[in-house]
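Reader: I have a model open on my screen and would like to learn how to read it. Could we go through it together?

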Amino acid sequence: ALKLDLNYPVSLGRQFDIMVNGGTAEHVFNVFQFFKSSHEMTRPGGLMVHTMPFRGWVEHGFYSFNPTFYWDLAIANGYALPIFAYAELSPTRIVQFTRRESVLDMVRGDTRGRNANLYAVFKKDDSESAFCIPTQGIYAGNVSKDMVKAWYDLR
């Protein structure tokens, strides 16, 4: 095990097939650097597995992450998103999000639990590319009209 300050660039001298963030990013203030390092430490064609808080988790870390974070990070960096899921702890419930609008169904149906995580598996493409900062989909114009409407209506 290595003790590293993930607020700063990390280089371990090699890349890995799989990078797992099992609930670390929300505790790192500089999330930009965390995700940039994650990208750089994962080989082309490799997987990045992220588990981070979405709802609840009061006083647990600096951040909770909305689904748009994952969708827009994937778009900006050309990641495939083969697995994206919502998971509640108690009672246990897992819901696969197969499309960006899946979260709207949950919000409109008021079926979100008190404490929940989002699980995202990103697959890098087969070429080495620099990390790109995402623009939120609502501003980039790459979300559906339903998502735009919800962005205003569900505040």
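Reader: Where is the place of Leu4?

Author: Leu4 sits in the segment before strand E1 (16-21); strands (E, at least two residues) and helices (H or I, at least four) are DSSP runs, numbered from the N terminus. This is a predicted model, where local features need pLDDT of at least 70, side-chain atom pairs count only at pLDDT 80 or more, and totals for chains, interfaces and linings use all residues. Residues are numbered from 1 along each chain as its sequence is written, and side-chain values use heavy atoms, with hydrogens and water left out.

Reader: Is Leu4 buried, exposed or partly exposed, and what is its relative accessible area?

Author: Buried means under 20% relative accessible area, exposed over 50%, and partly exposed in between (1.4 Å probe, protein chains only). Leu4 has a relative accessible area of 41%, so Leu4 is partly exposed.

Reader: Which residues make the nonpolar surface patch?

Author: Leu2, Leu4 and Leu12 make a patch of about 280 Å². Patches take residues with over 30% relative accessible area and no salt bridge, joining nonpolar side chains (Val, Leu, Ile, Met, Phe, Trp, Tyr) within 5 Å and like charges within 9 Å. A salt bridge is a side-chain nitrogen of Lys or Arg within 4 Å of a carboxyl oxygen of Asp or Glu. Areas come from the Shrake-Rupley method with a 1.4 Å probe.

Reader: What is the order of the strands in the sheet?

Author: Strands of a sheet pair through backbone hydrogen bonds, either parallel or antiparallel. Here five strands form an open sheet in the order E1-E2-E5-E3-E4, with mixed pairing; two strands pair if DSSP finds at least two bridges between them. E1 and strand E4 (93-96) are the edge strands, each pairing on one side only.

Reader: How many bridges join the strand pairs?

Author: E1 and strand E2 (residues 42-55) are parallel over five bridges, and Phe16 stands opposite Thr42 in E2. E3 and E5 run antiparallel, joined by seven bridges, with Glu88 opposite Ala116 in E5. E3 and E4 are also antiparallel, with four bridges, and form a hairpin with four residues between them.

Reader: Where does helix H1 lie?

Author: Helix H1 (residues 31-41) lies across E1 and E2, at about 150 degrees to E2. Axes are lines fitted to C-alpha atoms, for helices over the stretch in contact, and angles run from 0 to 180 degrees between N-to-C directions. The buried residues of H1, including Phe34, Phe35 and Met41, pack against E1, E2 and H2; contact means heavy atoms within 4.5 Å.
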